Each structure stands twice: as C-alpha cells, then as structure tokens.
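Welcome, and please open the model in your viewer. We will take a short walk through it, one selection at a time.

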2 protein chains.
Amino acid sequence: MQHSQGGSWNGGQKGSSRSAGIPADQATVRRSNLSLVLRHVSERGSRSRSLVAAETGLNKTTVTSLVGELVARGLIKEIGPQHAGAVGRPGLALALDGSGVGALGTEVNVDYVAAFATDVAGRVLIDRRVGFDATGGGPERSLDELARTIREAVAELDLLGVTLAGITVAVPGLIDSATGIVEVAPNLGWYGVPVAEVLAQAGVAPNVPITVDNDANLAALAEFTAGVAAGTSDLVYLTGEVGVGGGVIAGGRLLGGADGFAGEVGHVMVDPSGERCGCGRIGCWETKVGLAALVRMVTPERAYGVGDGVVRDPEERLAEIELRQAAGDRRVDAAVIEVGRWLGRGAATLVNLFNPRVIVIGGYFARLAGQIIPVAQTELKRLSVAGSASRCTFVASDLGFGAASRGAAGIVVERVLSDPTSIDIRHVVTSRPGKER
Amino acid sequence: MQHSQGGSWNGGQKGSSRSAGIPADQATVRRSNLSLVLRHVSERGSRSRSLVAAETGLNKTTVTSLVGELVARGLIKEIGPQHAGAVGRPGLALALDGSGVGALGTEVNVDYVAAFATDVAGRVLIDRRVGFDATGGGPERSLDELARTIREAVAELDLLGVTLAGITVAVPGLIDSATGIVEVAPNLGWYGVPVAEVLAQAGVAPNVPITVDNDANLAALAEFTAGVAAGTSDLVYLTGEVGVGGGVIAGGRLLGGADGFAGEVGHVMVDPSGERCGCGRIGCWETKVGLAALVRMVTPERAYGVGDGVVRDPEERLAEIELRQAAGDRRVDAAVIEVGRWLGRGAATLVNLFNPRVIVIGGYFARLAGQIIPVAQTELKRLSVAGSASRCTFVASDLGFGAASRGAAGIVVERVLSDPTSIDIRHVVTSRPGKER
C-alpha cells in the first residue's frame, strides 16, 4: 500500500523528478536517508543542517536536498538561526514539524468502537470511545459503525488542516497484517473478515493507507511509548477482558512473529485437566484468568452464556463483583486470589520465554491490581526459572481502554518516520493552514 | 571491554589521531559508519569506493578515510580495478578480507567441551569436541579444562597468523551476559560461577574480550545463519538433552530479553498435576520431553538418578533405546509417541507466543525426528490458536553437537561487523602473514 502511494506521488511532483530516473537501489537509499535525517531531528532536537551533516556523516549537499524534501512534506520546519553547539557557521535551525500530518488509530472491541488521533509530533487531536455491541452486531454492522467513526474523524482532521498519513484499525484477533484480513477474532465471532478492503471500498478516506493489527499488540506499543513503563525495552502487556490478550515488546520492538500472530497468550495451555475453553481447547489460560472465569466463580448464575439474555458490559459486571466483595462475600475474595495465582502461573511461562522487565496489566486486571498483583508476584517468583534474578514486576496500566487505538495511531507515526515518502506531498502543501491562510 | 580496547588502540596509532580529539558523539558516528561500510561490502560483494559512497550516501572523502581504517584493521582489502556497475571512474575494488581476524566459540556442556573458530569471512579454522564430565567435574575442574581448550585454540590461530577478535563461551544455563557470570546451570549444578572472570584471570588470551552466553540461544543463531532453516527470520530452536533448551530468533534477531534469560523453554509449566522436575517445580515441559523422561518410560530401571552409579552419555542411552525398539519392545514405540505428543503440546505454546515459521529440533530430538515429528506436527496444528494458518513446521537440525560453539563464534564475527574498532589494529598489523612474511 505504501508502495502504490509512493508510486502515485512519483507521478507528477516537482520534487520527485530527481528520483524517477534513478535505480531502485538509490531510491531506497534516499528513502532511508530521509528517515535518518527526520529521526535525527526528532530524537536529538532542533539543529542546523551543518550539524546534522556532521553528526550523520552525510554530506552537506545531500542533507540540504533531504531537508528540502522533508520541509515540502510538512515534516520539518525552519525555526531561526542555531548557534549553540553548531559546527561551522550558524545556519537556520531545523525542528520536527509534523503539525500538518495526522495519524488515526481506531479500535473495534466487544463492546465499543474507539478513535484516537495525533499529529506526527505527538499532539493529541482526537480521543473518544463510543459504546457499541460489536459481537451482537456482526462484522457488517460493526464495520459500518467503524466506517462512520472514521469518516467523522477524517472530517475533523480536515477542519484542523491536518493531512492524514494513515489509519490503523485495532481488532482483538489474529490479523493478516499484509492484507488487513481478520483471520479469527473469537470474542467477536469474526472469521476471515477483510477489514481493510471493506473500509477502502466504503471510501472512508481516499488515498490514505489502511492497516489492521491486533489490539493487544498495539496496546503494548502504546504502553511502550506512553504508559506507566514507557521506554522499558522488554515489556509484556496483558489485558484482562472476557478473554485475555497479550502484546510483547522485545528489545524495544513489537514482537510480531512470522505472520503477526505473536503474543497470543489467552490460549496458552496451562492445565491439561482443566476446563474447556470457548475456543474448543482444554485448559487455556483465559479459562483461569479471563473475566468470564472470574464471573463464573463469583456469580455462577450470571456467568457468560448463562441466563437472562441481558448483555452486561465488563464495567457493569465488575461493579457488581466489587459490590459483593464490599458486602463481605467471601467467594469474591477467594476468586480474586485464584485469579491472581493463575495470573502468576501463566506469567511465569511468559517470563521464562520473554524475560521482560515489566508485565503491564490492563483491562479488568488493572482495576483489581491492588488485590491480584501481590498474589501473582509471589507465584511468579516461585515458578519462573530465574526467580527474583529476572527482576520482573507487575504494574497496572493507566491508559485504560484507549491503549489500543493510541498504539494504532503510534504505528502510523512510526511509519512516517521510517518512510517520509509515504506522505502525499500534494495534500500537505494544499491543506497546511500556515501556507495558505 | 570493547570500549577499553578502543581506548588502547586510540593510544598511539597513526590512523586514530583524527578521532582522539573529537566529541564522543562523533566517535560513535564514525564507529557506526565503519560498520555501515564493512557490512555493505560484506553483504553486497566487492565494489569501488565511489560505488560505496553512491550507495550509502556517505561522501567520498569520508568513505576513503573509513576504508583506510578498515584496511588497516585487516577487515577489507583491495582486489584490483572494478569496472562493472561502478559509478564514475573505475577505482580499486574493495572486498571483505577478515582472513587475519578470527572468532572463537567454545562450549561447556554436561558431557563435553567444544571449540569452533572461523575467520571474519566465515572460513572454518577449528572444529572439535572432546568428551568431558562437566557435571561430575564441578565448575573448577571444568573451567580448567575449558581454559586448556582455549589456550590450545589460541595457539593454533596464532600459528595461522590470525588475530583473535573475541571468545564466546556457551553454557547451558541462565547467564548474566554483561558480567559473564553463570547464574544458574541446573544440569551442570553451577550457581553463580564467574566464567568470564575466571578465564580472564587464567590469562587464556590476553586482551581478547571474553563473553558468555546461553548454549541454546547460540545454537539458534547458528541455525539461523548456517542450519537447515538458515535465513528464516522467525525461528525457534529446541534441543533435547537430559533437559530441554530453547533459543528464539524473532524478526531476524536473537531474542535476549531484559537479562539475556529469554527462551528458557524447559521449565515452562505444562501440567500442574504432573511430576516433580529436577528444578523442584511441578509439571515442567522437560519432565515430559527431556531425554530423562524418555529413559524413565522405556527403561525405568536405568532412569537418571537410579541405579548402578555408571555414567552413560546420551548417545549410549539412545543407542540402547533404539536397540530395544528394533527388537520389538512396544514400550519404546509408545514412549516415543508420548514424547512427540508433548513436544507438540509445548510447541503450541511457543507458536502462540512467538509465531515462528519453523521449529528446528536438535539434540536427541533430531535423532528420533522421523518418529516424533509427525505426531508433534498434528498436535501442534490442533492446539495452536492459528492452527495451520501459522504454517509452522518442525525440521530436524543437521548441525549436531557443534551448533552452540558455531553460534558462539558467529556472535564474535557479528560484533566485529557492528564495531570494527573492537579489532586491535596492532595485533593485526604485526601478525598478518601477508604483511610480514
């Protein structure tokens, strides 16, 4: 998708005529050098062209040409003369701009649709969540709702004079990220749903690349960039919902695996003589620690799949459980301890395999963190091979339900930094308020 | 260690006077550009300075200076005029040299010590394994034996005119790779053994950096670079020994985790109502699939820890099992199927978490591959969330017992490519036969 975008951009633009005739190899080098300069300014702060050249080893003429293209794409701006620390004569200082370039993350989950947008410099532009019964609605109605949410966001960004660099949709399931097809999303009841294609055909945002990714993976990215353990390069994120999702940051990068399916923690088998899971297998971890398991232990008469046909959202179920506990119901204390114990047991497997420094717990786990973390931590230490040598601790997430869509916007920004040519230069030039108004 | 090497080299060398006075930041840039040029020539093949400059975007003067340093360090050589594909006038072509720079990998395991050395260009210089009872010998005698093996190898490399860039020791345990301390190696009975320090104090190879790493992690690297599934960027390596070891390649990189403890598959809990493991926990995966488990099922009277006090090496035990099977002992067939089944069950956890394309099985698993792979593959497909969508297959390793020491030498080479300044220039200049003899 980015390639075809690049292709359309190469078609008739002034700045692109130089790269049109050069070998693919050199176009790749130029793209990677654009990224190098953009990241350099983004990470090290504002500085002159000369300093960028000295620090990157690129020659000055090349830097000047690269900066010209980054300015045209709205990613870098000149902010006045730079003196301090510059090598050679002071020049105009360059700074990350990106205020005219937006990234949109969205999420469809069991009981809501969410949208979160930032500009490339990280300023939050949109952050909202609307209740929606995606499981009951089925893929068609859910994608209609998602398309509506995206159109709304695109219109708002347009009013702000922001050009959208990309859209990423978070879904709780196994995603083929190359095609944007949701292979399996058990808790939504989706199988083989071509989300990216449906949204593209609905014309939600013409010429804007749409990608689809796993919700917990994206939430892990958000935790890594903006959460309580931000910057921890080996981090596991777990979210307690009806099921249990996971995302893994390893060595500062999201662990994707060969197909983007990595981090599927919920169906790791922890007890071959345990109960049957919703997925049909026996003894999956989520049969021990999912919200459905907790509800079953505490209020068997109201367990998921049992009962009166009333759909209750997780918040409502949790509130009921907390009320019972406050009223002195000992079953709740016992059930919460049981969840903490199995959380620690499963986490020991994750620690043996990933050796993270931190396990960030989100979803309903975060709400009960005070009760379950001490139990889980003890069990983890007892059962992981490295024991306390691995110094891995549980912490509760504070990003709430917005984590996945925040992470979804984050990977759009990341893509812009990695390939600045993915920005359609015409849009930026015509829609930047600073240029025209 | 590499930093102090860089420092000593900076002391009195001609080529280094330029970098001595420049800020640390620029020294870092130069190091990274040296690596860029070296890798470029190593991966793309021989080419002129002009072409390297055009392809990397570095300016020609910088490339000339970088190449000068790489030639002085014995890592690049000139091989005559380059015409084809060159940009501008043909110049002398550059090629990867590295024939004067060596990498030594060694391994201490339960019943042997191994050594494997290559030059930086990958030519194998040493490949040997000697039987040794490391568990019975304890850390002190084992490290004496290892020191002897290393001294021997160093002497041989010296005779070949090769300067050693580094030594890596593979040990089956949890290693603090920053300090080279073996924290826990259960099957060796080692706890808190400062391997790197002991070897350095024994003076096995003065001024050569010594690092220590987990054997299965290193074997995974060897599989990734030289095994049956070489180049598969998401790969899990499993080795069946008395216990079970694992190493994970994710996105083309070895998964280390926060402390280098990642990939500890053997003590992943797979059955909370299972047997007690040697580590003291219940239901570890190696209680189901380790060689000790197989032996217990087939010849309970000769199980590990039972019996006549005779130490049998794994080869001998396997030979006995195969003999019994050939003689029609049905217990063996059943036991091998049981191992295959549990191999698949545990592998399903690994596939859910890492989503590898291939699981390479080494050690005794490789020997029984024909019988256990079909069973394990069926079980894996049934139990992993993605099922056949993940297209993960088992393959038998063909690297044998040399995998870990081969991988150990490989990371020394990798370190040279990442930081060419880690080569002590004086050694190379005085010992390269081409220069002096």
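Start by selecting helix 12 of chain A and helix 12 of chain B: these two are roughly perpendicular to each other (a term for angles of 65 to 115 degrees). Their axes, lines fitted to C-alpha atoms over the stretch in contact, come within 12 Å and cross at roughly 75°. Helices are DSSP runs of H or I with at least four residues, and strands are E runs of at least two, numbered from the N terminus; helix 12 covers residues 330-354 in chain A and in chain B.

This is a predicted model, where local features need pLDDT of at least 70, side-chain atom pairs count only at pLDDT 80 or more, and totals for chains, interfaces and linings use all residues. Residues are numbered from 1 along each chain as its sequence is written, chains are lettered from A and ligands numbered from 1 in the order in which they are written, and side-chain values use heavy atoms, leaving out hydrogens and water.

Strands pair if DSSP finds at least two bridges between them.

Now select strand 15 (residues 358-363) of chain B, which runs parallel to strand 16 of chain B and is joined to it by 4 bridges. Here V360(B) stands opposite V395(B).

How values were computed: Axes fitted to C-alpha atoms, helices over the stretch in contact; angles between N-to-C directions. Parallel < 35°, antiparallel > 145°, perpendicular 65-115°, else oblique.
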